[in-house]
Amino acid sequence: MDSSLSLKFDISGMHCAACSSRIERVVGTIEGVEKVSVNLATATARVWAAANRADEIRRNVVERVAGLGFGAALAPEESEAASRYEQARAGELALLRLRFGRVLRMAVFSVPLLVLSMGHMLGLHLPAFLAPESSPRTFMLAQSLLTLPVVAMGRHFYQDGVSALLRGTPTMDSLVAIGTGAAFLYSLAATVSGIVLHDEHARAMSLYYESAAVLLTMIELGQCLEAGARHRAGEAIGALMRLTPETAFRLDADGTPMEVPLAALKEGDCALVRPGARVPADGVMLTGRSAVDFSLLTGESMPVPVAPGDTLPAGAVNGDGSLTMRVLHVGADTRLAQIIRLVREAQGTKAPIARLADRVSYYFVPAVMAFALLSALCWLVFSNEPATTAVTVFVSVLVMACPCAMGLATPMSIMVGTGRGAQLGVLIKNGAALERASRLTVLAVDKTGTLTTGKPALTGLYLLDETGGLVDRTPDGLDADALLGMAAALEGRSEHPLALAVTAAARAAECAPCPVEDVAVAPGLGISGQVLRDGRAYAVTIGSRALMGERGLDVPAAVAARLERLGEDGQTPLLLALGVDGVERVAGIFALADALRPESLKVVRALRGIGVRVIMLTGDNERTARAVAGRAGVEEVAAGLLPAEKADFVRRLQSEGAVVGMVGDGINDAPALAAADVGMAVAGVDVSAEAGDIVLMRGGMEAVLTALALSGAVVRNIRQNLGWAFGYNLLGLPVAAGALHVFGGPMLSPMLAGTAMALSSFSVVSNALRLRLFRINV
């Protein structure tokens with residue numbers, strides 16, 4: 001769909017899966033629409049359409065959805081999304097309070113009605129002026145008067161349900177309207193005919209007022225509980241949106257801080273971040289020292305020390321130090337905004353496992369109406385039961401059916417699961433990836449930044465004499481700090497990761513800086529130049545053994561043996577040669593290594609324990625790769641691979657029947673990430689630009705295990721929800737139709753059927769909310 005445009009709409013008025021399925025089908029028939037996905041849990045629709053007809057399709061979608069009795073409005077731009085989201089959440093909360101108030105008012109009438117109509121079954125005795133035996137007319141009129149206010153307060157069921165039925169698109173509200181309406185009208189007819197025909201005693205015991213009133217009250221209560229649970233499900237996104245402060249302290253030209261609205265902050269501005277305050281925008285730190293809490297952005301549990309030059313993402317919490325920063329990205333361009341955008345898009349997607357529920361939901365309501373009518377007719381025609389039994393069956397079947405539970409089973413789990421993933425530093429881009437991740441059989445991992453920290457560090461410095469033996473000082477009288485300072489002075493002219501490791505080690509050791517002249521870089525080999533120390537000029541060369549060979553320098557056998565051992569141990573050796581008075585020789589060895597992440601070994605073992613085969617794919621040489629793999633517990637290694645060769649390796653595994661996940665940096669490993677069934681990209685600066693289906697906000701195998709464990713937990717939760725939703729309807733509807741009564745058992749009361757229906761969707765949402773507690777310990 002290269003020429004496609006994705007349009008997102010907010011949909012109002014959906015109550016059940018039949019609503020979302022109907023909208024999806026109707027919008028899908030609009031000319032120019034290529035694909036449509038409607039999500040009941042998030043009340044949104046995503047429409048993929050021809051880009052050259054976008055305006056026309058926008059209008060058509062709004063009109064078609066309105067024709068079905070629902071509302072559709074184009075979702076707000078990202079810049080407005082946060083404020084609109086908070087407004088919507090506040091509106092939901094206010095509506096929730098109103099609905100709970102309505103439930104209480106309905107209960108004021110329903111509870112006395114229940115006592116009046118069913119009290120005798122509990123051994124309660126009514127006063128003579130209300131008892132059906134002595135005052136049947138009063139008994140019937142009192143029930144009708146108590147029922148009318150409840151019906152009036154629940155009139156939205158009839159308004160929405162009947163209008164949907166007349167349009168030929170029945171919904172769950174239609175089932176409630178027909179079921180309770182039939183019970184109420186039957187009872188009202190019995191009351192009127194009893195009074196008119198003076199047959200009150202016979203009619204008084206065949207009323208269903210309490211069924212209609214209690215059903216409306218319980219269904220309203222169930223929908224309130226469900227709405228409250230769905231409101232809580234969005235807390236993860238709300239927490240992310242609240243990370244950005246409303247104001248920032250912008251620094252004037254003279255360095256004076258001035259509090260301004262966040263919208264007034266621009267790229268290039270300098271800002272002050274006070275102790276305990278949130279970082280207002282993405283930027284680079286200029287001055288100060290502190291420890292910053294990234295927990296809600298990356299899942300890192302401990303504050304991270306920061307220094308000038310470090311990047312600061314919007315929403316991070318400053319520690320005890322005062323910082324200044326230069327703003328790089330604001331508003332919708334910040335890393336936080338990209339995270340929120342990805343999570344919201346993921347929550348609006350569907351998993352393949354939901355397809356059956358979607359198909360069933362489309363036909364469910366008409367099928368239930370037909371089943372209810374057929375069941376009632378069967379009892380009326382083929383049994384000796386009174387007509388009231390047919391009415392009971394008709395009402396019970398209609399109010400027992402719950403398409404909501406089927407419609408919410410998948411999207412609620414995805415919504416809560418992806419939100420929880422964002423809190424743990426794992427961004428899952430869509431429901432399909434989440435489902436595939438739960439079925440992985442092979443995980444291919446890049447070495448650097450995944451099994452290792454991705455930052456080489458100096459692990460050893462060896463000083464050599466003329467024969468290659470180890471000494472405390474070189475024959476020129478230089479100790480380790482002097483040699484490190486000279487090497488760092490030269491490597492300071494390079495941006496190579498190994499050069500940065502040498503300069504970092506020199507800073508940590510507080511080595512004195514040295515002037516450098518005549519620098520020459522040998523790409524891929526090393527660097528050389530003149531370094532001045534204590535008034536003496538040294539010709540310094542630092543690099544690989546191949547560079548020493550190019551310069552005609554001999555590498556003693558003892559040095560060659562040490563280089564071999566370092567390589568076998570997974571370390572990268574650099575040789576340093578010193579030239580004094582025209583004589584140049586190898587004077588030291590710098591050993592550098594990309595340290596293994598502390599959790600890598602435990603996580604690899606845990607992955608093997610759940611049946612996932614782990615393979616290292618790396619561009620490093622075989623010897624270094626196997627050394628690192630050995631320490632990490634990885635048994636299979638493919639070394640010396642170019643990016644395209646990694647992708648070929650992944651495809652080869654897939655051809656053997658494996659479900660393959662790939663973990664990489666999203667840039668060099670983009671071909672392999674795209675080829676894998678599930679690509680997991682370690683996030684760089686631009687989250688939204690990362691390749692892969694899952695973005696790991698922090699590198700390392702712990703994030704990988706979190707992603708796989710969370711995916712498994714979400715899919716299990718979806719299966720539980722679907723099992724409950726289908727099981728409830730498959731078992732409940734025959735019982736409501738009187739299947740137990742056929743064999744001498746009880747007839748299901750419409751009140752119990754309605755209560756079960758009201759609580760079924762609440763059960764599904766509550767089960768999905770358990771994912772908010774998901775946690776994994778490595």
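Author: Axes are lines fitted to C-alpha atoms, for helices over the stretch in contact, and angles run from 0 to 180 degrees between N-to-C directions. Helices (H or I, at least four residues) and strands (E, at least two) are DSSP runs, numbered from the N terminus. This is a predicted model, in which local features need pLDDT of at least 70 and side-chain atom pairs count only at pLDDT 80 or more, while totals for chains, interfaces and linings use all residues. Residues are numbered from 1 along each chain as its sequence is written, and side-chain values use heavy atoms, with hydrogens and water left out.

Reader: OK, so at what angle do helix 20 and helix 22 pack?

Author: Helix 20 (residues 557-568) packs against helix 22 at about 50 degrees, with the axes 7 Å apart, and the two are therefore oblique to each other. Contact, meaning heavy atoms within 4.5 Å, is made by E564, G567 and E568 of helix 20 and by R623, T624 and A627 of helix 22.

Reader: How do the residues of that contact divide by class?

Author: The contact of helix 20 with helix 22 has 1 nonpolar, 2 polar and 3 charged residues. Here Ala, Val, Leu, Ile, Met, Phe, Trp, Tyr, Cys and Pro count as nonpolar, Asp, Glu, Lys and Arg as charged, and the others, Gly among them, as polar.

Reader: And which residues of helix 22 are buried?

Author: In helix 22 (residues 622-632), the buried ones are T624, A625, A627, V628, A629 and A632; buried means under 20% relative accessible area, exposed over 50%, and partly exposed in between, with a 1.4 Å probe and protein chains only. Just after helix 22 comes G633, with a positive phi of about 80 degrees.

Reader: Which residue other than glycine has a positive phi near 55 degrees?

Author: E510 has such a phi, and this residue sits in the loop between helix 18 and strand 18 (516-522). Its relative accessibility is 71%, so E510 counts as exposed. D581, also not a glycine, has a positive phi of about 55 degrees and is in the loop between strand 21 (572-580) and strand 22 (583-596). As a general point, most residues other than glycine have a negative phi.

Reader: Switching topic, how do helix 17 and helix 18 cross?

Author: The axes of helix 17 (residues 480-491) and helix 18 (residues 497-508) come within 8 Å and cross at roughly 135 degrees, so this pair is oblique as well. The contact involves L484, A487, A488 and E491 of helix 17, together with A499, V502, T503, A505 and A506 of helix 18. By class, that contact has 7 nonpolar, 1 polar and 1 charged residues.

Reader: How many disulfides are there?

Author: The structure holds 0 disulfides, a disulfide being a pair of cysteine sulfur atoms within 2.5 Å. For C511, the closest cysteine sulfur is in C514, 8.6 Å away, which is too far for a bond.

Reader: Is C511 buried or exposed?

Author: C511 counts as buried, because its relative accessibility is 18%, whereas C270, at 24%, counts as partly exposed.

Reader: Last one: what does V306 touch?

Author: Leaving aside residues up to four places away in sequence, V306 touches M285, R289, S290, V292, F294, L312 and L323. V306 lies in strand 10 (residues 304-306) and counts as buried at 7% relative accessibility.

Key
Angles under 35 degrees count as roughly parallel, over 145 as roughly antiparallel, 65 to 115 as roughly perpendicular and the rest as oblique.
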